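Please have a look at the sequence and structure first.

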Amino acid sequence: MAMSAAGPLALLLLGFAVSLLQPSRTAETEQPPIPADKLLILTVATKETDGFHRFMQSAKHFNYTVKILGKGEEWKGGDALNTIGGGQKVRLLKSAMETYADQEDLVVMYVDCYDVLFAGGSEELLKKFQQANHKVIFAADGLIWPDKRLSDKYPVVRSGKRFLNAGGFIGYASYVNSIVQHWDLQDNDDDQLFYTKLYIDHLKREHNNITLDHKCNIFQTLNGAVDEVVLKFEDGRARAKNSLYDTLPITLHGNGPTKVLLNFFGNYIPNGWSHETGCSACDTDLLDLDALNENPAVTIGVFIEQPTPFLARFLDRLLSLEHAKEKLSLFIHNNEVYHEKHIKKFWEKAKNIISTIKIVGPEENLSQADARNMGMDICRQNKDCDYYFSIDADVVLTNPQTLKLLIEQNRKIIAPLVTRHGKLWSNFWGALSADGYYARSEDYVDIVQGNRVGVWNVPYVANIYLIKGQTLRSEMKERNYFARDRLDPDMAFCRNAREMGVFMYITNRHEFGRLLSTANYNISHYNNDLWQIFENPVEWKEIYINPNYSKIFTENIVEQPCPDVFWFPIFSETACDELVEEMEHYGQWSGGRHHDSRISGGYENVPTDDIHMKQVGLENVWLHFIREFIAPVTLKVFAGYYTKGHALLNFVVKYTTDRQRSLRPHHDASTFTINVALNKIGDFQGGGCKFLRYNCSIDSPRKGWSFMHPGRLTHLHEGLPILNGTRYIAVSFIDP
């Protein structure tokens with residue numbers, strides 16, 4: 001009995017020992033890796049679009065061998081973007097596969113190219129193909145197209161995407177050939193429907209050993225998967241990760257309405273930009289202007305579509321662009337009667353510098369869309385026009401090298417980044433909403449703030465951009481791009497460019513300038529730009545604040561001609577001139593009378609011939625000027641005193657020999673006073689200010705310079721008489 005009980009146990013132990021000595025079944029059946037030279041990529045491209053070039057660049061990055069089918073052939077496959085079609089691709093593939101059908105060890109991958117890019121290399125691709133253990137693998141999709149009625153005929157999938165997508169598949173050559181040899185339809189029949197019917201046929205699916213890439217190990221279709229796919233940075237490179245299945249697909253396919261998202265990924269994948277390397281693709285295909293025989297000819301389209309501040313300065317900047325002036329021509333559309341005086345003045349200056357200037361004024365009653373079409377068509381119709389540079393009047397172009405920098409990037413459409421000061425508002429969109437309007441891309445803020453620097457493929461640019469003339473005469477040869485449905489002209493233009501597959505780029509590789517705010521521009525004054533301190537503070541400061549103002553804090557240029565009387569530069573010549581012009585245009589000088597209804601109590605003890613800032617609507621601007629530019633000086637010269645910039649009396653005084661020549665000794669109703677000279681000796685003789693307690697006079701005022709002195713108690717002063725001419729000063733009694 002003991003022996004019989006031990007017998008089975010001994011046999012079991014003996015069998016286990018023998019199994020340990022034998023090689024494993026896995027080791028016996030494990031296949032060697034497929035060599036990279038046994039992989040062939042096939043695609044169809046009847047024309048070379050921007051999408052095609054991007055595809056080829058990504059293939060080159062990973063050293064893929066790509067064979068292009070249908071090159072130069074007329075496309076007869078229908079409008080596959082919006083309806084069924086694409087059969088021509090299968091017909092071309094069927095013909096090509098006859099060459100490779102007997103190469104049983106050759107792996108063939110077919111992918112669309114206009115909206116596809118590679119994210120991984122051949123070693124990773126072939127390994128994933130082998131691990132799938134099927135002869136042919138098609139891309140999988142969460143959405144069924146083109147016949148939803150076939151949904152129930154698809155095999156049930158417990159996890160992953162269920163439906164076939166024809167934009168990508170990989171398989172052994174003989175099996176791929178077997179599949180495409182079934183094709184006997186027309187070029188405009190649907191390729192995806194053809195492959196779908198083969199796949200849902202159980203016998204054909206089994207015979208060809210077909211499966212789908214259910215979890216996007218190899219192929220990632222973006223339509224219906226926008227929320228699944230995220231940008232991932234790792235080891236100095238960018239990948240797209242499917243966060244739902246935790247996979248890193250080899251290809252990205254922007255099928256359906258996901259072209260914009262693919263463009264976003266294409267800015268990074270495979271080697272566009274990373275945190276470690278920055279923009280790796282920015283210097284690809286640069287145009288060397290120094291190698292050209294002559295400077296390119298550029299038509300500049302200028303658009304003044306609404307009242308715009310600082311227009312004269314904008315126009316002058318056009319003449320400062322660093323480009324051979326004989327190679328420039330100008331088209332100007334001015335839609336505002338108010339700006340005709342600025343255009344006339346500019347034309348007088350520019351006509352001897354730029355030979356061809358065409359101006360279309362408000363009398364033509366041309367719509368904005370028609371005007372933009374007209375400007376673009378001038379370049380299109382001129383075969384010698386190399387570039388069309390469109391710029392709106394609200395662009396402050398501070399970089400005179402802008403044209404050169406844009407041309408060197410060698411893109412069909414490229415815009416320089418310009419933003420509104422202190423805001424995230426810019427001239428591009430990083431993404432689109434479902435209805436085609438603005439949406440914020442995940443990198444928008446980083447691009448605007450300069451945390452990511454490069455050249456970015458984006459769905460929308462406006463305000464300023466450069467277009468190749470050749471592009472206007474080929475892909476964009478139609479004459480109407482700015483009028484479409486009820487879209488704004490810029491949105492219509494960008495939508496048309498997107499649908500034609502012409503990529504639009506924004507570059508933030510350099511500082512180019514900024515955008516003005518035009519929303520609240522009031523043109524009811526004489527010098528309307530004086531009021532722009534709130535809407536456009538940077539431009540206002542550049543134009544109206546003395547260029548030496550900053551030296552007050554860095555080089556100690558403040559002078560003290562009398563005890564506690566500080567003298568410093570504050571206004572530019574332009575500010576002085578425009579303020580005087582504004583007051584003279586208003587013209588209601590007070591006459592220096594004691595009775596004054598403008599002030600509390602109605603009586604002025606020491607009157608001047610003046611106009612209050614409040615009378616011309618400049619009070620709020622002036623008080624803001626005091627807080628922004630006078631208060632910091634106050635803190636410097638009167639250490640420890642912090643002013644809130646409160647002032648009840650702010651006015652411009654006019655001294656003339658026939659109205660008011662001087663001002664008797666007085667104290668000011670202020671803690672401190674500022675007194676800004678608005679014109680210079682030569683406009684008048686005599687004048688000045690004397691501080692009686694110190695027997696100290698300042699009789700040579702500098703235009704744009706201000707006195708700052710205590711008002712009450714210590715600084716009794718008088719206005720010295722002028723001998724001839726007219727003297728203007730701006731005065732504020734601060735902290736009364």
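The report below goes through the disulfides and then two further cysteines.

## About the model

This is a predicted model, in which local features need pLDDT of at least 70, side-chain atom pairs count only at pLDDT 80 or more, and totals for chains, interfaces and linings use all residues. Residues are numbered from 1 along each chain as its sequence is written, and side-chain values use heavy atoms, leaving out hydrogens and water.

## Two links

A search of the whole structure turns up 3 disulfides (pairs of cysteine sulfur atoms within 2.5 Å). Counting bonded cysteines along the chain, their pattern is 1-2, 3-4, 5-6.

Cysteine 279 is joined to cysteine 282, with S to S at 1.9 Å, and this link is right-handed, with 100° about the S-S bond. Cysteine 279 is partly exposed at 23% relative accessibility, while cysteine 282 is buried at 1% (buried is under 20% relative accessible area, exposed over 50%, partly exposed in between, with a 1.4 Å probe and protein chains only). Cysteine 379 and cysteine 385 are bonded at 2.1 Å, in a left-handed link with -95° about the S-S bond.

## A link between strands

Cysteine 562 bonds to cysteine 696, S to S 1.8 Å. Cysteine 562 sits in strand β29 (residues 559-562) and cysteine 696 in strand β37 (residues 696-698), so the pair ties together parts 134 residues apart in sequence. Strands here are DSSP runs (E, at least two residues), numbered from the N terminus. Both cysteine 562 and cysteine 696 are buried.

Cysteine 216 is buried, at 0% relative accessibility. Cysteine 576 takes part in no disulfide, and the nearest cysteine sulfur, that of cysteine 689, is 17 Å away.

Methods: Helices (H or I, at least four residues) and strands (E, at least two) are DSSP runs, numbered from the N terminus.
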